[in-house]
Amino acid sequence: MIVKVGHHLLEAYPVENYVYEVSYCGRKEFYQDAWDAAHSTLYTKDSSYNATITKIPVRPISEKRIERRLLYQKWGGVKTGIRQQ
């Protein structure tokens with residue numbers, strides 16, 4: 001998952017079973033904690049204009065499963081003996 005920290009885009013992996021999306025007028029920011037989402041600049045600045053916080057369930061995925069999925073997609077879903085999970 002790509003997250004915005006200041007002016008930087010970083011890759012992050014959630015440690016909880018949920019991430020929180022703050023959205024307003026097509027702009028979206030993601031946070032791992034509800035407190036951080038509620039105190040984000042997008043939410044606090046635009047909360048009077050219906051900025052929303054959405055709780056999104058996530059499931060961590062291992063590097064091995066990512067490699068399997070990429071191979072499966074590369075070969076167009078052809079049965080290669082790799083079970084897609």
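How many aromatic pairs are there by this rule, with ring centres of Phe, Tyr and Trp (its six-membered ring) within 6.5 Å? The count comes to zero.

## What you're looking at

This is a predicted model, where local features need pLDDT of at least 70, side-chain atom pairs count only at pLDDT 80 or more, and totals for chains, interfaces and linings use all residues. Residues are numbered from 1 along each chain as its sequence is written, and side-chain values use heavy atoms, with hydrogens and water left out.

## The sheet

Pairing here takes at least two DSSP bridges between two strands.

Strand β3 (residues 18-24) is joined to β5 by six bridges. One of the residues to look at is Tyr-18, whose bridge partner in β5 is Pro-57. Lys-55 sits over the face of Tyr-18, 4.1 Å from the ring centre (the rule: NZ of Lys or CZ of Arg within 6 Å of the centre and within 35 degrees of the ring normal).

## Core and a buried Glu

The largest nonpolar core has six residues: Tyr-20, Val-22, Tyr-24, Ala-37, Leu-42 and Ala-51. β3 gives the most to this core, with three residues. Core members are buried nonpolar residues joined through side-chain atoms within 4.5 Å.

Glu-21 also belongs to β3. Glu-21 is buried, at 13% relative accessible area (buried is under 20%, with a 1.4 Å probe and protein chains only). Beyond its neighbours within four places in sequence, Glu-21 contacts several residues, including Lys-28, Phe-30 and Ile-53 (heavy atoms within 4.5 Å).

Note on methods. Helices (H or I, at least four residues) and strands (E, at least two) are DSSP runs, numbered from the N terminus. Rings of Phe, Tyr and Trp (its six-membered ring) pair if their centres lie within 6.5 Å; planes under 30 degrees apart count as stacked, over 60 as edge-to-face and the rest as tilted. Buried means under 20% relative accessible area, exposed over 50%, partly exposed in between (1.4 Å probe, protein chains only).
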